[in-house]
Amino acid sequence: MSIDAQRSDNRTLLQKAGKVPWLLLAILALAVFLRIFGLGSESLWLDEVASVHTSETSLVSIIRSGTSGDTHPPLYYLILHFWMLLFGQSEAAVQSLSALFGIVSMLLMYMVARELFEPKTGLIASFLLGISSFAIFYSQEVRMYSLLLSLTLLSFLFFVRILRASKPGKTLLVCYSLANILLCYTPVSYTHLTLPTKRIV
């Protein structure tokens with residue numbers, strides 16, 4: 001290959017690399033808008049009220065509830081407990097935590113797809129998740145579903161990197177183990193994963 005052809009290829013690669021962040025930022029901006037639009041416009045329904053009620057108690061009560069009577073482990077409730085201490089208990093405040101996890105999930109989806117295939121595939125995957133009505137709805141739900149998606153993608157990302165590494169480092173193994181430990185404290189009942197047409201006011 002001639003020097004001029006090699007320089008041309010390098011410029012093409014740089015141009016493509018420069019476009020990816022801007023496209024990702026545009027997709028992220030769209031996803032953020034779709035997830036924060038309408039926050040707090042509707043009253044919380046029964047399960048959401050239960051989440052707030054559980055999370056506003058003491059840390060000891062949250063852990064006891066998550067390890068005994070409640071079918072859901074306590075991780076989400078613990079995070080929501082501190083979130084409410086910072087931002088209050090209004091509908092918009094408590095729903096915004098799930099919106100944050102939804103945005104993080106979109107970024108993780110890009111990273112997973114890019115790791116498995118290429119940046120273009122990552123952009124497509126993140127865009128599809130960003131506009132998914134199912135993902136948007138549960139990114140505004142005061143429940144642990146959005147957190148579950150984030151941790152699942154994070155665990156899968158570390159898993160793929162471990163498989164592709166000739167000799168995985170300790171940091172990568174620790175991060176993968178930690179993501180799975182957190183996942184163990186965030187399961188949900190999948191029979192509840194439906195897309196209601198409206199909330200119960």
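Tutor: A helix here is a DSSP run of H or I with at least four residues, and a strand is a run of E with at least two. Helices and strands are numbered from the N terminus. The model you see is predicted.

Student: How many helices and strands does the chain have?

Tutor: Nine helices and zero strands. From the N terminus on, the elements read α-α-α-α-α-α-α-α-α.

Student: Why is S139 called buried?

Tutor: Its relative accessibility is 2%. Buried means under 20%. The value falls below that cut-off, so S139 counts as buried.

Student: Where is S139 found, and what does S139 touch?

Tutor: S139 sits in the loop between α7 (133-138) and α8 (145-164). Leaving out residues up to four places away in sequence, S139 touches R35, Q95, S98, A99, G102 and S146.

Student: What makes the pair S139 and R35 a polar contact?

Tutor: The two side chains meet at 3.4 Å. The cut-off for a pair of N or O atoms is within 3.5 Å, so the distance passes.

Student: Why is S126 called buried?

Tutor: S126 has 0% relative accessibility. The limit for buried is under 20%. So S126 counts as buried.

Student: Where is the place of S126, and which residues is S126 in contact with?

Tutor: S126 is part of helix α6. Its side chain reaches the backbone oxygen of L123 at 2.9 Å. Setting aside neighbours within four places in sequence, S126 is in contact with L24, I27, M106, M109 and Y110.

Student: Why is I124 called partly exposed?

Tutor: I124 lies in helix α6 too. Its relative accessibility is 47%. Buried is under 20% and exposed is over 50%. The value of 47% lies in between, so I124 is partly exposed.

Student: Which residues make the nonpolar surface patch?

Tutor: L30, F33, F37, I124, F127, L128 and I131. The patch covers about 670 Å². Patch residues need over 30% relative accessible area.

Student: Which helix gives the most to the nonpolar patch?

Tutor: α6, with four residues. Both α1 (3-36) and α6 (119-131) supply at least two.

Student: What makes a set of residues a nonpolar core?

Tutor: The residues must be buried and nonpolar, joined through side-chain atoms within 4.5 Å. The largest core here has 18 residues. V52, Y76, L80, V94, L97, V142 and L147 touch the most other members. α4 (75-87), α5 (91-116) and α8 each supply at least two residues of this core. α4 gives the most, with six. Apart from this core lies another, of eight residues, including L24, A31, M106 and L123.

Student: Why do such side chains gather inside?

Tutor: In soluble globular proteins, nonpolar side chains tend to be buried together.

Student: Which residues is Y76 in contact with?

Tutor: S51, L97, S98, E141, V142, R143, M144 and L147, leaving aside neighbours within four places in sequence.

Student: What makes E115 and R161 a salt bridge?

Tutor: Their closest N and O atoms are 3.4 Å apart. The cut-off is within 4 Å, so the pair qualifies. The pair links distant parts of the chain: E115 is in helix α5, R161 is in helix α8, and 46 residues separate them. The structure holds one salt bridge.

Student: Why can such side chains pair?

Tutor: Side chains of opposite charge can pair when their charged atoms come close.

Student: Is R161 buried, exposed or in between, and how do you know?

Tutor: Its relative accessible area is 26%. That lies between 20% and 50%, so R161 is partly exposed.

Student: Why is V49 called partly exposed?

Tutor: V49, in helix α2 (residues 46-55), has 42% relative accessibility. Again the value is in between, so V49 is partly exposed. V49 and V142 are 93 residues apart in sequence, yet 8.1 Å apart in space, C-alpha to C-alpha.

Student: How many residues does the chain have, and what percentage count as buried?

Tutor: The chain has 201 residues, and 37% of them count as buried. The accessible surface comes to about 11,700 Å², with 69% belonging to carbon and sulfur atoms.

How values were computed: Residues numbered from 1 in each chain as written. Predicted model: local features only at pLDDT ≥ 70, side-chain atom pairs only at ≥ 80, totals over all residues. Heavy atoms only, no water. Buried < 20%, exposed > 50% of the residue type's maximum accessible area, 1.4 Å probe, protein only. Polar contact = N/O pair within 3.5 Å; in protein donor to acceptor, adjacent residues only side chain to side chain. Contact = heavy atoms within 4.5 Å. Patch = residues over 30% accessible without salt bridge, like charges linked within 9 Å, V, L, I, M, F, W, Y side chains within 5 Å. Areas by Shrake-Rupley, 256 points an atom, 1.4 Å probe, with all protein chains shown as cover. Salt bridge = Lys/Arg side-chain N within 4 Å of Asp/Glu carboxyl O.
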